[in-house]
2 protein chains.
Amino acid sequence: MGNPKKAKRGIPPKSEFNLWYPSIVEIADLVDKRYPIKGMDVWKPYGLKAMSLIDGLARDQMSATNHHEHRFPLLVPENLLDKENKLVSRLKAAREAGVDPSELRMDDEDSGFKKEVYWVTHGGENELDSPMFLRPTSETPMYTMFSLWVRSHTDLPLKTFQIVNTFRYETKQTRSFIRVREIHFFEAHTVHSNEEGATDQITEDANMVQTILHDLCLPNLVSKRPIWDTFPGAWYTMAADVVMPNGRTLQVATYHHYRDQWAKAFDLKYEDSNGETKFCHQTTFGMSERLLGSVVGMHGDDQGLIMPPAIAPFQVILLPIAAHIRDDVMSEISTIRDRLGKLGIRSYLDDRDVRPGVKHFDWEIKGAPIRLELGPRDIDSGNCVITERTGKKYDANLATLEDAVTAALESVADELRARASNVFSSLVLELPDIINSESGHEFSSPLSDGKVYSFPFCGNDSDAEVLEKLSGLTMLGECAENYREPRNCIITGIPTTNKHHLARMY
Amino acid sequence: MGNPKKAKRGIPPKSEFNLWYPSIVEIADLVDKRYPIKGMDVWKPYGLKAMSLIDGLARDQMSATNHHEHRFPLLVPENLLDKENKLVSRLKAAREAGVDPSELRMDDEDSGFKKEVYWVTHGGENELDSPMFLRPTSETPMYTMFSLWVRSHTDLPLKTFQIVNTFRYETKQTRSFIRVREIHFFEAHTVHSNEEGATDQITEDANMVQTILHDLCLPNLVSKRPIWDTFPGAWYTMAADVVMPNGRTLQVATYHHYRDQWAKAFDLKYEDSNGETKFCHQTTFGMSERLLGSVVGMHGDDQGLIMPPAIAPFQVILLPIAAHIRDDVMSEISTIRDRLGKLGIRSYLDDRDVRPGVKHFDWEIKGAPIRLELGPRDIDSGNCVITERTGKKYDANLATLEDAVTAALESVADELRARASNVFSSLVLELPDIINSESGHEFSSPLSDGKVYSFPFCGNDSDAEVLEKLSGLTMLGECAENYREPRNCIITGIPTTNKHHLARMY
């Protein structure tokens, strides 16, 4: 029910997004941030339900693509890192020898990794022989086991996933769902017999991400990350970014093609049908509670949250009107609940003894997609009143209520997609041309704050560096969507269909 | 699918329970114990599914009793322990002052607690100002928040639960599901306005435990634990113990009445309807992956697991016979799958291209309750063949298949309950009389290994100590079930209806 007292204190206007966001996550009772460790929030029932429904979308995709759910231990012994360090050293040596730069990671000091994890050093009063860390992600624990599980080509593909909490010793400012220290995390890890198998998996991952983001009504940019932003040990990294209303991009999903780089580090081999031993190829696909952060940030308004129907904890709030006057109101509305339940529609009968205005207010804050009111007059006329959280209000015939509610849920989802798409269009602009002035490069017109800029680009890494310095923004990488017609690269002038973006990332 | 190669190596006979148990959990592919930290197993898909279904039973009970699911952080700052230490000191002082012994905990050195947890001392390369520990259970993090949430009597009762992993630095020998270091854990915590509210909650908990254990087909003993085995800070602790086939009891559920003892430590107060400030009363209810360990241990046989239908990942295995000869076999058996799916029955169509004998063998190990075979001859006669994992095999009419499968699932559950009840009866014996010999007390006949002993008892703590020393066993506490007619206390000779048990506990 949220905390009406607090809500009445008022939600900051959404136009002040950086005030609105931290306020609404608590007013709508998604989390409580008062736990005494910064960046470790308490999930309240309403927030946890929404997150569990997002997990459900991921599980549905996993099940449809024959991935199997596992659960690996939280703690990783430090000495398992030897293999990961070996990978890093190998790639570093390759870079120094000037080989294929796609094999390189830039952030290749293993101390970088060690700086981001929590270390368990004692069990009880005993200092542990080998310290252990809390998983920041699960390559090391998983691949240690994969190398025991995979023997033959008949064991492949191995398609696994887990939904667990991961931990990062975050030193930047924390924000609920967006940057936290205990992270609700989804990770799929697959093993294939060759590069093509892994490449097909990346395509499958791309489709799953778009299916989920469609359900969440979130337009997004898909990019192949620049090499210096590629995941350690990956051949390449793809990422989906949502553009938040303040113009900052939020990375909500990544999928990595590892080729056989991790397999070589973990000695992950198989025997093919000819009895030959080969290294496996691998991929990883990750998402997190940032999906919920995006939903909150993109869809909410001055009145509160708006939950996409696919993950609304309660899709329909049933509001009995004047039930104390006529006994049949409660029985009729209970019948409606049962009818909706048969369709798998999540409804909540709010029979609190408070004024209808209070209920409206509460459910507006919590962003339930549909409110359905039923009073004596409605029963007499064979109707009920449907109010969509996105604005429409109308009578619906009780006889065909299932159709009306289904259509109303679709209507809310469509409206959220349309609104988010408008916001997205207003935030993603074309980058002004670059002109050469006396002092070097400069933009033909100044950049605005809080915008993402798109532009044709086929330059090299140092060209990209010039752009980042000039704009004060970050390169998202090569967009999965190309220009239809070639355009001149903003730096080299060479015609290209490659689209890139500069943005301020969360 | 398990690992047939391994399985063919043979499962030890169940009569050698201490060999059979660790073997079957891996052969049936519930967990992999080869992760490099002892007592932290990798959950394989089949084991995780069974555990998730057990979680589902708990969630159903929570939902029916209006508990709400939360999720609290894993890490607890050491300085939050001050409150817990205060509680311990208060109870210690009370004991020294000779007050109500029901208020005491025996294990009251806070260092005892500190010996059992994992300590996080570093974030990255920084030593933390205040060390944090991995939750062994969640009183401290939860009650810290509860004292922010509870203000008025209208906030009560507060009924919460979470399903998370907890951690214990276990120094004893670890066993999958039974004694592990990362524990899949269920914990419900409630807050009430008075003792009666908490007492009613204990009754509700007792009923939920029995409902779940009925679904798991597990007979059990419910006892009020002796004072020295009461949970720290509890007024009293109730526990349900399963008797494993080796005669050792396994505590699978506990529920604690705290009165206002924890509330006083955490300053958890509310304003009643007269504006008066009062301390809350609280309860806790906990279960864990030991429930799955009990299922494995109680129901399995020489051939493998037997899954109770309520939590079988696949309740019905559909086996097409001679599908290569007649095309309609696959279409008919797919229709059966869809028909069962509509009833919410979990089925798995095993269409692997291997001999039927291999499939039988695999599913016997995994303990699927029902196998359903369908071949050309069955289609022609309008039947299929049902084999219950507990032994029965018969033809079932395809026209009324839903009824037959539903009845078969009930039959397997009933048979498991009957078998478990027989084992239980054979393991729980009456304690021989105590006679006074020259050297002190002794039993009139020697005790057998691997048995639980029941007896009438109304003695005091030192009488109990005599019994434990004499038997080498542990007192489970006062049984929730009394004798119908008074019997003479085995020590004092005073007639009593109080039943007690001595057992070797896991």
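Two strands count as paired if DSSP finds at least two bridges between them. Strands themselves are DSSP runs (E, at least two residues), as helices are (H or I, at least four), numbered from the N terminus. With these terms in place, I turn to the structure.

This is a predicted model, in which local features need pLDDT of at least 70 and side-chain atom pairs count only at pLDDT 80 or more, while totals for chains, interfaces and linings use all residues. Residues are numbered from 1 along each chain as its sequence is written, and chains are lettered from A and ligands numbered from 1 in the order in which they are written.

I begin with strand β9 of chain B, residues 221–224. β9(B) pairs with β10(B), residues 236–243, in the antiparallel sense over 4 bridges, and B:S223 has B:A239 as its bridge partner there. β9(B) is also joined by 2 bridges to β24(B), residues 474–479, again antiparallel. In that pairing, B:K224 has B:E478 of β24(B) as its partner.

Next, the interface. Which residues make it up? Contact here requires C-beta atoms, placed from the backbone, to lie within 7 Å; 39 residues of chain A are in contact with 39 residues of chain B. Among the elements of chain A that give two or more residues to this side are α3 (45–64), β5 (118–123) and α6 (139–149). β5(A) gives the most, with 6 residues. The chain A side divides into 21 nonpolar, 8 polar and 10 charged residues, where Ala, Val, Leu, Ile, Met, Phe, Trp, Tyr, Cys and Pro count as nonpolar, Asp, Glu, Lys and Arg as charged, and the others, Gly among them, as polar. Across the two chains, β5(A) and β5(B), residues 118–123, run antiparallel and are joined by 5 bridges; A:G123 stands opposite B:Y118.

I close with a sheet in chain B. Five strands form an open sheet of mixed pairing, in the order β16-β15-β17-β18-β19. Why do β16 (347–349) and β19 (393–397) stand at the edges? Each has a single partner strand, so one side of each is left without a neighbour in the sheet. Neighbouring strands are turned by 25° against each other on average, direction ignored; axes are lines fitted to C-alpha atoms, for helices over the stretch in contact, and angles run from 0 to 180 degrees between N-to-C directions. β18(B), residues 383–388, is joined to β19(B) by 5 antiparallel bridges, with B:C384 opposite B:A396. Helix α13(B), residues 401–427, packs on the sheet, touching β15, β17, β18 and β19, and its direction makes about 10° with that of β18(B).

Notes:
Two residues are in contact if their C-beta atoms, placed from the backbone, lie within 7 Å.
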